[in-house]
Amino acid sequence: MKNMIHGRLLVFSALFMIAIFLAGCNSRTVHGLENVNLVISHFLPGNHPVHTDIFVEFGDRLQEVSDGRITYQIYPSNALGASGSQYDMAVTGEADVALSVHGYTNGRFPLVRVLELPFLTVSAEHGSRLITDLYEEFPAFQEEHSDTVPLWLFTADPAQIVSKDKYIERPEDMRGLRVRSPSPMGNDILEALGAVPVSMPMGDVYEALERGVIDAAMIPLEALYAYNLYEVSNHIVVGHFSSTPFYSVMHSATYHALTDEEREYLDRMRGVEFAVKSGQAWDISGDKGRELAEENQAVFIELEGELLEAWQEALEPVAQKWIQEIEEKGLPGQAIYERALELKEVIKAEMGQ
């Protein structure tokens, strides 16, 4: 009897030790460090290249360098929170990594709005390189993101002005038109042209243009493809009127939970590499949008020479207003704007544009 009880105790003890070991294996890697499962949140659809290409590559590379210690799960389409809440989710740790548009938290990133000024960027890749350089050069730019660890900043391709029935060529052609605006800065741009800004989600623009609820819209060429707007955009003024800046940021505690080797690897990925990749994803979609619009017999009005100068003169007060507002906050608005203009040409030359 005693031998039977003793044997059962030995079996129970062995099973108990095995259970502890297996539990440990489920939460730890072979080198004894706790696993990290990155929760990645963004507002874009799950079929967007930023989801399927950019974030997947980002997660896969971290998983590889960590020998599987780091895993990840991506939540698209605002599954974990609204577009305007994504940054705060990264601050609090509700998400380990979050991506959204700076402008969705209006007033929080006043310096980043420099990217929204007219005629500053010529493509998404160009804008992404520009915002990255400004971030690296200006401590005040960095301070705007200091409650997270920025991974990369980038822009969409520049907004153009599209219309279904209205032929627009000169600034005065905009007077009195009802035009969809992408942002508060877009409102300033349209008001300077004498137009009436109309705020609406991108998903509503197709029907609004088709039914004449609005006369025109400020949208990137990417939207011609992504939202089928090429079907209702018969006239397209290409002037690069404004760009939308984006952030991808990490929760600070998540970053510091990585090993020295993993942080070093992540630091090499942060910044320009994934900024450029993200910008290129938008430019590829923008090229598709333009191609579809051309196939649909859309008329493209390219702003060049004296025609461009007329638009630049009409919109000069927008930049001066932004500079004044930033300087009144005690921030280097004039210096950032002047440097942005310099970098615009430097980056264009580097890109062969």
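Good morning. Some ground rules come before the structure. The model is predicted, so local features need pLDDT of at least 70, side-chain atom pairs count only at pLDDT 80 or more, and totals for chains, interfaces and linings use all residues. Residues are numbered from 1 along each chain as its sequence is written, and side-chain values use heavy atoms, with hydrogens and water left out.

Let's start with the whole chain. The chain has 353 residues, and 49% of them are buried. Buried means under 20% relative accessible area, exposed means over 50%, and partly exposed is in between, with a 1.4 Å probe and protein chains only. The C-alpha trace spans about 100 × 45 × 35 Å along its principal axes. What about secondary structure? The chain holds 13 helices and eleven strands. Both are DSSP runs numbered from the N terminus: helices are H or I with at least four residues, strands are E with at least two. Now contacts, meaning heavy atoms within 4.5 Å. Take the contacts with a separation of 6 or more: 76% of them join residues 24 or more positions apart.

Next, helix pairs. Look at α4, residues 124–137, and α11, residues 272–295. Their axes come within 7 Å and cross at roughly 155 degrees. That makes α4 roughly antiparallel to α11. The axes here are lines fitted to C-alpha atoms, for helices over the stretch in contact, and angles run from 0 to 180 degrees between N-to-C directions. Under 35 degrees counts as roughly parallel, over 145 as roughly antiparallel, 65 to 115 as roughly perpendicular, and the rest as oblique. The crossing of α4 and α11 is right-handed. Right-handed means the near helix is turned clockwise from the far one by less than a right angle; anticlockwise is left-handed.

Which residues of α4 and α11 make the contact? On α4, they are A124, E125, S128, R129 and T132. On α11, they are V272, A275, V276, G279, Q280, W282 and D283. By class, that is five nonpolar, four polar and three charged residues. Nonpolar covers Ala, Val, Leu, Ile, Met, Phe, Trp, Tyr, Cys and Pro; charged covers Asp, Glu, Lys and Arg; the others, Gly among them, are polar.

A second pair is α6 with α12. Their axes come within 8 Å and cross at roughly 145 degrees. This crossing is right-handed. M185, D188, I189 and A192 of α6 meet A314, L315, V318, K321 and W322 of α12. The contact has seven nonpolar, no polar and two charged residues.

Keep D188 and K321 in mind. Their side chains meet in a salt bridge, at 3.2 Å from N to O. D188 is in α6, residues 184–192, and K321 is in α12, residues 305–328, so the bridge links parts of the chain 133 residues apart. D188 is buried at 17% relative accessibility. K321 is partly exposed at 38%.

How many salt bridges does the structure hold? There are 20. The rule is a side-chain nitrogen of Lys or Arg within 4 Å of a carboxyl oxygen of Asp or Glu.

Here is another one: E57 with K277, 3.5 Å from N to O. E57 is in α2, residues 49–65, while K277 is in α11, 220 residues away. E57 is partly exposed at 25%. K277 is partly exposed at 25% as well. Both belong to a salt-bridge network of E57, R61, E273 and K277.

One more: R290 and E302, with the closest N and O atoms 2.5 Å apart. R290 lies in α11 and E302 in strand β11, residues 299–302, so the pair ties together parts twelve residues apart in sequence. R290 is partly exposed at 24%, and E302 is partly exposed at 34%.

Now the loop between α11 and β11. Q297 sits there. Q297 has a positive phi of about 70 degrees, although it is not a glycine. Is Q297 buried or exposed? Q297 is exposed, at 65%. N228 also has a positive phi, about 60 degrees, and is not a glycine. N228 is in the loop between α8 and β9, and is partly exposed at 37%.

Last stop: P150, in strand β4, residues 149–155. P150 is buried at 10%. Leaving out residues up to four places away in sequence, P150 touches Y135, H145, S248, V249 and R270.

That's the tour. Thank you.
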